[in-house]
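I opened a new notebook page for this structure. My entries below record what I looked up, in the order I looked.

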Amino acid sequence: MSDLKAKSDVFRFNRQRRRVLIRSVAAAAAALGLPGLGARAGGEERAAAGIDVHIELHAVQDRVAIRPGEPTRVWRYQGKLLRGDASALDAWAGNYLGPIIRVRRGQRVRIDLINELPEPTIIHWHGQHLPDDMDGHPRFAIAPGERYVYDFTVMNRAGSYWFHPHPHGRTGKQVYFGLAGLFLVSDDEEAALDLPTGPHDLPLVIQDRSFDDDNQFVYLSESAAGAASQNPEQRGMMDHGMMGGMGQMMARMMGVLGDQILVNGRPGASLEVERRPHRLRLLNASNARMYKLAWHDQSPLTVIATDGGLLAAPLQRDYIMLSPAERIDLWVDFGRWTAGTELTLQSLAFDDGMAMMGGMMGGTALPDGAPFPVLKLRLGGGTRGRAAPPQRLSRLQRPQARVAVNFNRPKVFKLTMGMMVWGINGQSFDMLGASPLETVKLGTHEVWEFRNDAATGMMGMTMPHSMHVHGLQFRVIGRFVAGGFSRQYGTVKAGFVDEGWKDTVLVMPGEHVRILLGFADYPGLFPYHCHMLEHEDSGLMRNYLVKE
Ligand code: C2O
Ligand code: CU
């Protein structure tokens, strides 16, 4: 055993032991009716010395006013800042969305997840480069009443990351009921740029939901969602306006689409903005819906960042595609429109072959690919600011695919459907398993290719997938689409932004997407999966194993 290996084993053992200790202390505290005591107990005081930010996140059941009338029963993250700058935790008042966590690259962050839900959960820090036991793999899900302590140093570049639950088979339901938040990282490179900040740096979290007549969220029924619960509060929530039989079954397979669009947790969202430059951080936190975003007057969009942070230079697009879990930062000078203008950010029509399936999915009122408004912006006063974003944003290099050990022979991962079960190369999720193909060597780069072929689709039909790899950022180095799909593809392809670091990539029907990945720093077992959460929950997820 090498020195390095021995050291990391000891490191891991200590971390494991500490977690067990904390859990038992928390359990004892809870038994005494003293929630939260665990965080300050015993040896934890000493370990706290090097910690820059310490946050407690309680996953709780709550009710919030989303629409006029009855409040909506939700699940959400409630944050408490125990250490660090007040700016590290920013709660959206009266909202179900989790707090915005703001950290700087290099900071050591401790976050305690406390599960006050009636079922297991765990948090995944989407896009962060972390040791595998900090990443929120479903094998680390904690039971109701338990605590999981995250303690890591932020290694990522500045960018718009996020966090959400990741228990196996329950991710779709838990996100749908409200569990999700932003995790924004800043660094010196970004700080030197003079990008819009404060109220001019606007996060926009886009989701879709359906409500029943009592304002309650409508998701799959418990049996269809694959989770059985005895908890009456939860049963009430789930039974309130479930979808009906066939639609239910199709939605469980194809993905749940809501018919109301929410921005930052508000349906019919509208914002008043000043006429000056803004940074808009768009996150698609929807379970399965994709967006084709554009200004209503066809002004071009200026993109400055993707999933993993700033591009080398700003890019223009007539529209951008945002598939589930993807992020795009826009730079926009609202000074280019006259005061009093009402601007609409809208989703344009596109064809991914799913409209045909809409009927089978219980006839959702807002089918995939339908056009709709997303957000209204009313332009108030303000002085005209600089008319252009910085022309050089970061020292981002072009991807060097030749560094990959398999440069000429990409590993092929087919997105498959067999017997109504999703899979990758025909295999569904296996909690602790990874195949030889899924085993990589620490310190190397590889080229992977996700294939979304017609032949493997259900009943000859193929649908889009939003492929996410945990633990790292990758580069998109190639796309190919089969001839039969080029007309559909033409309705979306001009909206991809493949020029930056990505952790999630849209793979359209008939498409092959090649990515370049580097496996640095952390050995261990990490998931990769489709981020259309019902696909993930029903098998379109596997592990990859990074070996020393
Ligand atoms: Cu944001 Cu494994 O997911
Ligand atoms: Cu999928």
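**Entry 1. Whole chain**

I note at the start that this is a predicted model. I looked up the secondary structure and found 10 helices and 31 strands in the protein chain. The chain has 548 residues, and 60% of them count as buried. I then checked the contacts with a separation of 6 or more: residues 24 or more positions apart account for 80% of them. The protein chain exposes about 20600 Å². Carbon and sulfur atoms supply 54% of that area.

**Entry 2. Copper ion**

Which residues coordinate the copper ion (ligand 2)? I found His465 through ND1, Cys530 through SG and His535 through ND1, at 2.0 to 2.1 Å. Along the sequence these donor residues follow the spacing H-x64-C-x4-H. His465 belongs to strand E26 (residues 465-469) and Cys530 to strand E30 (residues 524-530), so I logged the pair as a link between distant parts of the chain, 65 residues apart. I also looked up their accessibility: both His465 and Cys530 are buried.

**Entry 3. Strand E28 beside E26**

E26 pairs with E28 in the antiparallel sense, over four bridges. In this pairing Ser466 stands opposite Leu506 of E28. I then checked which way the E28 side chains point. Thr504 and Leu506 point one way, Val505 and Val507 point the other way, and all are buried.

**Entry 4. A seven-stranded sheet**

In what order do the strands of the open sheet of seven run? I read E12-E11-E10-E14-E19-E16-E17, with mixed pairing. Strand E12 (266-267) and strand E17 (309-317) are the edge strands, and each pairs on one side only.

**Entry 5. Nonpolar cores**

I looked up the largest nonpolar core, which has 53 residues. The members that touch the most other members are Leu57, Ile101, Ile111, Trp125, Tyr150, Phe152 and Phe183. Several strands supply at least two residues each, including strand E1 (53-64), strand E4 (100-104), strand E7 (147-153) and strand E9 (181-186). The largest share, five residues, comes from E1. For Ile101 I listed the contacts, leaving out residues up to four places away in sequence: Ile55, Leu57, Ala88, Leu89, Ile111, Trp125, Phe163, Leu182, Phe183 and Leu184. Apart from this core lies another, of 46 residues, with Met354, Val513, Leu517 and Tyr528 among them.

**Entry 6. Aromatic pairs**

How many aromatic pairs does the structure hold? I found 29. I wrote down two of them. Tyr176 and Tyr219 form a tilted pair, 4.9 Å centre to centre and with 35 degrees between the planes. Tyr176 lies in helix H3 (residues 171-176), and Tyr219 lies in the loop between strand E10 (201-209) and helix H5 (222-225), 43 residues apart. Tyr176 counts as buried because its relative accessibility is 1%, under the 20% cut-off. Tyr219 is also buried, with a relative accessible area of 3%.

Why is the pair of Phe413 and Tyr528 edge-to-face? The ring centres are 5.4 Å apart and the planes stand at 75 degrees, so the pair falls in that class. Phe413 is in strand E22 (residues 411-418) and Tyr528 is in strand E30, so the pair ties together parts that are 115 residues apart in sequence. Phe413 and Tyr528 are both buried.

I also noted one aromatic cluster, formed by Tyr77, Trp125, Phe140, Tyr148, Tyr150, Phe152, Phe163 and Phe183.

**Entry 7. Val497**

Val497 is in the loop between helix H9 (486-490) and strand E28 (504-507). Is Val497 buried or exposed? Its relative accessibility is 5%, so Val497 counts as buried. Not counting residues up to four places away in sequence, Val497 touches Val303, Thr306, Leu311, Leu315, Arg317, Ile320, Ile328 and Lys502.

Definitions and conventions. Residues numbered from 1 in each chain as written. Chains lettered and ligands numbered in written order. Predicted model: local features only at pLDDT ≥ 70, side-chain atom pairs only at ≥ 80, totals over all residues. Heavy atoms only, no water. Buried < 20%, exposed > 50% of the residue type's maximum accessible area, 1.4 Å probe, protein only. Contact = heavy atoms within 4.5 Å. Areas by Shrake-Rupley, 256 points an atom, 1.4 Å probe, with all protein chains shown as cover. Donors = N, O, S within 2.8 Å, 3.2 Å for Na, K, Ca; no water. Pairing = 2+ DSSP bridges. Core = buried A, V, L, I, M, F, W, Y, C linked by side-chain atoms within 4.5 Å. Phe/Tyr/Trp six-rings, centres within 6.5 Å; stacked < 30°, edge-to-face > 60°.
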